[in-house]
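Please keep the sequence and the model in view while reading.

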Amino acid sequence: MTLVYEFSKSRSIDGSLILKPTIPLIVNSEIDIETQALIDSGADISAMPIALAERLCKIPDGAMSPGFGIGGPVEAIETELSVTIGNESERHSIKIPIKILSTKSDFPFLLGRKGFFDEFVICFNQPEDSISLQKASSQT
Amino acid sequence: MSENYEYFKSADLSGYQGEWVVICDRKLASHGKDLKVAFEDAMKKHPCAIPFVALVPKNDETWIL
């Protein structure tokens, strides 16, 4: 089976349409919280800002370590999250490693490759406004 | 797709650009720049089984990641 989502749509200041490859996911922690995740095929690993992590999960003890993003160096700490992706008829729970970034900038949950692209075959079909996810082990 | 996510994608949230929104039972339960404050406010006013939280993008913002 395949999970299919539409791109998120917004307008830039000049009125042009911006499409973003986003999907909903549920973070399973002390309580389940759903959020919107941007699929970021260029990111080695998933990431979220510390403000979002404080709501979604327990932040591990330990020192932040240096990381690097498009905005330059950033302090980060890595943890593992259990997330559920799917709908009423098809659900998949997976564990993904994620970097919690110590930044004051807000950005959405970014789904990077490690742990996520290993589990799903992902097709971005922007002309037809669809993002499809097929569980890797279910391919024929 | 959950009802809360469906609401998030279809509702006009342009008045909350750059803010975090918390959606419960297809309703905007709270919003604000500070997610911690918005989330706690939402849980007081409108607790639900699986709340939805997300950042509303700004129209003049291009994400280069």
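Two strands are said to pair if DSSP finds at least two bridges between them. Helices (H or I, at least four residues) and strands (E, at least two) are DSSP runs, numbered from the N terminus.

## Basis of the report

The model is predicted: local features need pLDDT of at least 70, side-chain atom pairs count only at pLDDT 80 or more, and totals for chains, interfaces and linings use all residues. Residues are numbered from 1 along each chain as its sequence is written, while chains are lettered from A and ligands numbered from 1 in the order in which they are written.

β1(A) and β12(A) pair in the antiparallel sense, over four bridges. Within this pairing, Tyr5(A) stands opposite Ile131(A) in β12(A). Strand β12 (residues 130–135) of chain A also pairs with strand β11 (residues 120–125) of chain A, again in the antiparallel sense, over six bridges. Here Val121(A) stands opposite Gln134(A) of β12(A). The hairpin of β11(A) and β12(A) has four residues between the strands, and Asp129(A) takes a positive phi near 55 degrees there.

Chain B holds two helices and three strands, and from the N terminus on its elements run α-β-β-α-β. Of its 65 residues, 32% count as buried. A residue is buried if 20 or more other C-beta atoms lie within 10 Å of its own, exposed if 12 or fewer, and partly exposed in between; C-beta atoms are placed from the backbone.

Which residues are buried in helix α2 (residues 35–45) of chain B? They are Leu35(B), Ala38(B), Phe39(B) and Ala42(B). Seen down the axis of α2(B), these residues fall within an arc of 95 degrees, so they line one face of the helix; the arc is that of the directions from the helix axis to the C-beta atoms. An α-helix has 3.6 residues a turn, so residues three or four places apart point the same way. The face of α2(B) turned away from the buried side carries the exposed residues Lys36(B) and Lys44(B).

## Where the chains meet

Chain A gives 25 residues to the contact and chain B gives 21 residues; two residues are in contact if their C-beta atoms, placed from the backbone, lie within 7 Å. On the side of chain A that touches chain B, β5(A) gives the most, with five residues. β5(A) and strand β3 (residues 52–55) of chain B pair in the parallel sense over two bridges, and Thr35(A) has Val53(B) in β3(B) as its bridge partner.

The buried residues of α2(B) pack against α1 of chain A together with β1 (20–24), β2 (27–32) and β3 of chain B.
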